[in-house]
Amino acid sequence: MRFIETWIPATLVSTRDLAPGIREFLILPDRFDGAAYPVGSHINVSVTIDGLPETRSYSLVGEASSQGLRIAVRRAEDSRGGSRYMWQLAPGARLDITQPSSLLAVDWARDRSLPLFILGGGSNLLISDDGFDGVVVHVDLRGVTVQAEDEYAMVRVAAGEVWDDFVALAVSRGWAGVECLSGIPGSVGATPIQNVGAYGQEVSETIGLPPLRARMSGAVMRLISSCTDTLA
Ligand SMILES: Cc1cc2nc3c(=O)[nH]c(=O)nc-3n(C[C@H](O)[C@H](O)[C@H](O)COP(=O)(O)OP(=O)(O)OC[C@H]3O[C@@H](n4cnc5c(N)ncnc54)[C@H](O)[C@@H]3O)c2cc1C
């Protein structure tokens with residue numbers, strides 16, 4: 001199962017400033033039935049950054065409505081360009097987006113007692129010739145947000161970003177801590193699962209502790225740092 005499915009053309013109907021630096025966008029897909037979507041759903045939006053096509057994911061806000069899909073985008077001056085692109089759009093602009101989808105595939109699998117496998121880049125896997133009789137969730141969430149950059153840098157990176165691209169970004173911005181982990185294949189999301197390390201650096205030294213979601217109970221929890229060795 002992939003989160004990203006078919007791209008559909010859409011129109012930006014209107015924008016509304018919700019708070020300083022936060023703008024709501026109402027987007028109407030060309031063929032839109034107003035169907036309800038699961039809580040926690042997001043859409044991907046095709047954006048243009050430095051003349052090149054890129055993809056950004058945004059969570060849907062509010063209830064499903066026949067008027068279209070609503071997202072809220074924070075204007076991040078130091079972002080790689082996604083929020084800047086969104087903010088320069090005026091009503092009537094044409095966009096390509098994906099259908100709403102949700103991480104709740106995980107819940108769907110759990111409720112049916114189906115085996116679940118989270119797939120990153122697939123670079124560290126052997127798949128049996130017998131296949132996998134369960135739900136495979138390919139994590140393709142994108143986005144890098146610099147939350148602080150003074151004495152220390154604090155960066156929020158979506159699990160589907162390519163790890164090596166993130167290392168290259170860190171090096172280009174002068175952030176120390178992951179530079180020895182250049183050239184390692186795979187996704188950002190897989191690195192804390194395996195505590196990826198090389199040449200004396202391990203990601204456990206630089207990655208903060210994101211909230212985790214228990215597969216069986218669905219509970220969201222935070223680990224204390226001494227637990228990360230168990231994860232690795
Ligand atoms: C120089 C070098 C050093 C390396 N060092 C290490 C190392 O120290 N340790 C190591 O294990 N590998 C290492 N690797 C191998 C590989 O690069 C990593 O395992 C990489 O993190 C795999 O990423 P992936 O996205 O392809 O994961 P996949 O192959 O897709 O998945 C690997 C595992 O991570 C899980 N996973 C993937 N994404 C997520 C997610 N978003 N959420 C939850 N679980 C997820 C999968 O279920 C699976 O169990 C190294 C490779 C090189 C070349």
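How do the residues of the shell around the ligand divide into nonpolar, polar and charged?

Tutor: Before we start: this is a predicted model, where local features need pLDDT of at least 70, side-chain atom pairs count only at pLDDT 80 or more, and totals for chains, interfaces and linings use all residues. Residues are numbered from 1 along each chain as its sequence is written.

Now your shell. Its residues divide into 12 nonpolar, 11 polar and no charged. Here Ala, Val, Leu, Ile, Met, Phe, Trp, Tyr, Cys and Pro count as nonpolar, Asp, Glu, Lys and Arg as charged, and the others, Gly among them, as polar. There are 23 residues around the ligand, and those that come nearest are Gly-120, Gly-121, Gly-186, Gly-189 and Gln-194. A residue belongs there if its C-beta atom, placed from the backbone, lies within 6 Å of the molecule. Two or more residues each come from strand 8 (116-119), helix 4 (190-194) and strand 12 (197-198). Helix 4 gives the most, with four residues. (Helices, H or I with at least four residues, and strands, E with at least two, are DSSP runs numbered from the N terminus.)

The buried residues of helix 3 pack against it, contact being C-beta atoms, placed from the backbone, within 7 Å. In helix 3 (residues 163-173), those buried residues are Trp-163, Val-167 and Ala-170. Buried means 20 or more other C-beta atoms within 10 Å of a residue's own, exposed means 12 or fewer, and partly exposed is in between, with C-beta atoms placed from the backbone. Down the axis of helix 3, the buried residues fall within an arc of 60°, so they line one face; the arc is that of the directions from the helix axis to the C-beta atoms. The face turned away from that buried side carries the exposed residues Asp-165, Ser-172 and Arg-173. After helix 3 comes Gly-174, with a positive phi near 80°.

Now step back to the chain around all this. The protein chain has five helices and 15 strands, and 17% of its 232 residues count as buried.

Strand 1 (residues 7-19) runs antiparallel to strand 2, joined by eight bridges; a pair needs at least two bridges found by DSSP. One of those links has Thr-15 with Phe-25 of strand 2 as its bridge partner. The two strands form a hairpin with two residues between them, and Gly-21 in the turn has a positive phi of about 85°. Strand 2 also pairs with strand 5, antiparallel over six bridges, and there Glu-24 has Ala-72 of strand 5 as its bridge partner.

In general, nonpolar side chains tend to be buried together in soluble globular proteins. The largest nonpolar core has 13 residues, of which Ile-27, Ile-43 and Ile-71 touch the most other members. A core is a set of buried Ala, Val, Leu, Ile, Met, Phe, Trp, Tyr and Cys residues joined through C-beta atoms within 7 Å. Strand 2 (22-29), strand 3 (41-49) and strand 5 (69-74) each give this core two or more residues. Apart from this core lies another, of nine residues, including Trp-163, Ala-170, Leu-181 and Val-188. That brings us back to helix 3, where Trp-163 and Ala-170 are among the buried residues.

Technical notes. Contact = placed C-beta atoms within 7 Å.
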